[in-house]
Amino acid sequence: MVADRTGAPGTVPGTAGQADLSGRRRARLAVVGRLLRGRLRLGGVVLRGMKPTPRRLLRVIRSAVASGLALALAFAFLPGIEVDSLAGLIRLVVILAVVGAVLRPILVALAVALGGIAVLLIGLFAQTLVIYVALRIEPDVAFHGFGAAIGVAWTTAAIAAMVGWLADAGSDETFIGEIMRQVARYGGGGIPFDGPGVVIVQIDGLSAPLLRWAVTAGNLPTLSRWVRSGSHRLVEWHTGMPSTTPTSQAGILHGASRHVPAFRWYEKNTGRLIVTNRPRDAAEIERGFSNGRGLLADGGVSISNVFSGDAPHSLLTVSQAGLPGRRARGYASFAASPQGFARSLVLTVGEMIKEVHQARKQRRDRIFPRVRRGGSYIALRGLTNVLLRDLNVTFIAEQMARGVPVVFCDFVDYDEVAHHAGPNRRESLQTLEGIDRVLATLERVAANVRRPYTFVALSDHGQSQGATFRQRYGRSFPDTVRDLLTPGAAATAATGTAEDWGPVNTLLTEVTGGDTGDGPSRRILRRRIDDGQVTFGPSRLEVTLDPERPDLVVVASGNLAMVYLPQVAGRADLDHLEFLHPALVRGLVNHPGVGFVVVRCHGHGPVAFGAHGRVFLDTGVVEGTSPLLGYGSRAAADLLRHQRMDHVGDIVVVSRVDPGTREVAAFEELVGCHGGIGGDQTRAVLLYPAAWPAPGGPIEGPDAIHRQLIQWLEQLGLRRDPFPAARAAENDQSLSAEATGDTPP
């Protein structure tokens, strides 16, 4: 008997470790093998679903005619490529159609099988590869290498997009046709169903007054038809404060808006800055309030949202950023189709050019208020208004074809443009018209799928317009706070337009797979990946703050700002503030750009201070002139509810409201803003089928929207609630707590 170094009998030294290592290798190889087999099977399913049909052959013929025109123009203008005869061009068109019909389904299947960044790369180069193979086959074409094929591919894509736009009078018929073909691929398959499904479209940032005006004017044909025909009812609902997407979606999707006090906030107990459009932060927030029974829990799908609503399947959802290429066949089909990714990229460039023109026109016409609309925003507008919109439509159509019971998707197009151009400006209204066309497209999809679908449209908040705080007073709000501090004190500020980059960063995170290793996506985006999330734009600058803790932290979104004293445990009151920084509160209250300041006072609770009076929020007692005049009749209740949220700032500041125009002064450089109160930012909208029971009264807050949607889904038989009594008791407890001022556990 042989003893090893530890004295254990019966083993040869080192053999146990080698056996363990060998076992781990075998287990790892088995896992990799199962993963590869699963992906290959998925790719095979996609490949079988794209088998030739008469309709697909007709599409090939139509595509060949368009390709011939585009190729002729490309050959005429591009150097380094020539065709010797008309017969050669015709043969090339035929070869291109055949090669595309054979090769493109294989590329789609490969994209699904590989997933991750392979979907993006195949989407970029699929058409190039098809054209390169066709050029190599045709003997009467002379070209110089793969670079010429790239030029031909993107030139023909651009020409085809322009020709299609002119032929269809600017409509999206080509893209819609591709969507309908994807729907047809499901045939009679899909999820078994009993009863109708519901598609909920969130039009981000749309206020009820603006929608009423647009419907009356007839600028939104689809929504106008819904309202005028009586098929849908339009009601306004009040968001409360903060009027921001993460708070509203926490309420609408989970009934938990009280957990999100702003778009960004500071946590004193951890010393961290939380930004809700970062996947890591959004996932952590959702874990804190999710009970598994969100709005989409019973087979629903979340698309392009901040939170998942407990959906089993999520796509482009910030809190669930993952790999859409492995879960959505429509993603790969969109990427490899010339009417999909290539078309969208060409139109994205067109949208960027349009933005440059519209921004220049706004400056030339001296329209005011306005903000700078250059730099990265030009690319951001193109991505959100074309590429992400097309992806959203593709995903929704795919899920409707599958027969899922509920789909909830957020379209950020209007909100994005309204931030920079103004909520009522021409370019913003044009974006709203584009979303109206999306609804018309989804109606066409609904008419061609097995499950009957009905539509709900809602917004998460409105927007308020106005010249920014910096434009009005020459200094930013954080600099104004620094001027009021005790000499020697330092303040760290977190403001900016990071909200705008959330959907794009989520898309990039999903495409790269949140690669935390040393894979290809990390090498390509090495400088932009942080803990598995891709971050472009201002959000990549918002990181964990100095562990030594600054004297003051200032965060702002829209016309709402919060100031924190990290050195004071818990919520600091007025006595703390005046002891540490005697001029701070008084200086903010008297500043002409500040409407009011809310701080806690010992023995009185939260108090809203204005230049000429104050309101004791717990009791409603007013001394002097109420600083809440002009903010609406719900202002005191909104502020009191906000004060009862976790992680609210020691000082809460809301900018002034202009009495005549109801414009606000955003603390960010945005002409259209939301986040606080004042103007139309708290006036959201809900359109629901007229056949459904009407809400019992005014809808106050996103949690009330959640309860109403749950009630409708239950009546449609789309909810399988295992604990209805417990949930009802929880809702009653929440309502009672809000009424009494106690925060439920």
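**Note on a helix pair and an open sheet**

1. Helix H7 (residues 208-217) packs against helix H8 (residues 221-229) with an angle of about 85° between them, and their axes are 9 Å apart. This is a predicted model. Angles of 65 to 115 degrees count as roughly perpendicular, and H7 and H8 are therefore roughly perpendicular to each other.

2. On the H7 side, the contact is made by Leu211, Ala214, Val215 and Thr216. H8 contributes Leu223, Ser224, Val227 and Arg228. By type, the residues of the contact of H7 with H8 are five nonpolar, two polar and one charged.

3. Elsewhere there is an open sheet of eight strands with mixed pairing. The strand order is S12-S15-S16-S21-S17-S18-S19-S20. Which strands stand at the edges? They are strand S12 (491-494) and strand S20 (622-624). Each has a single partner strand, so one side of each is left without a neighbour in the sheet.

4. Neighbouring strands of this sheet are turned against each other by 20° on average, direction ignored.

5. Strand S17 (residues 594-601) and strand S21 (residues 651-655) run antiparallel and are joined by four bridges. Valine 594 has serine 655, in S21, as its bridge partner.

Technical notes. Residues numbered from 1 in each chain as written. Predicted model: local features only at pLDDT ≥ 70, side-chain atom pairs only at ≥ 80, totals over all residues. Heavy atoms only, no water. Axes fitted to C-alpha atoms, helices over the stretch in contact; angles between N-to-C directions. Helix = DSSP H or I, 4+ residues; strand = E, 2+ residues; numbered from the N terminus. Parallel < 35°, antiparallel > 145°, perpendicular 65-115°, else oblique. Contact = heavy atoms within 4.5 Å. Nonpolar A, V, L, I, M, F, W, Y, C, P; charged D, E, K, R; others polar. Pairing = 2+ DSSP bridges.
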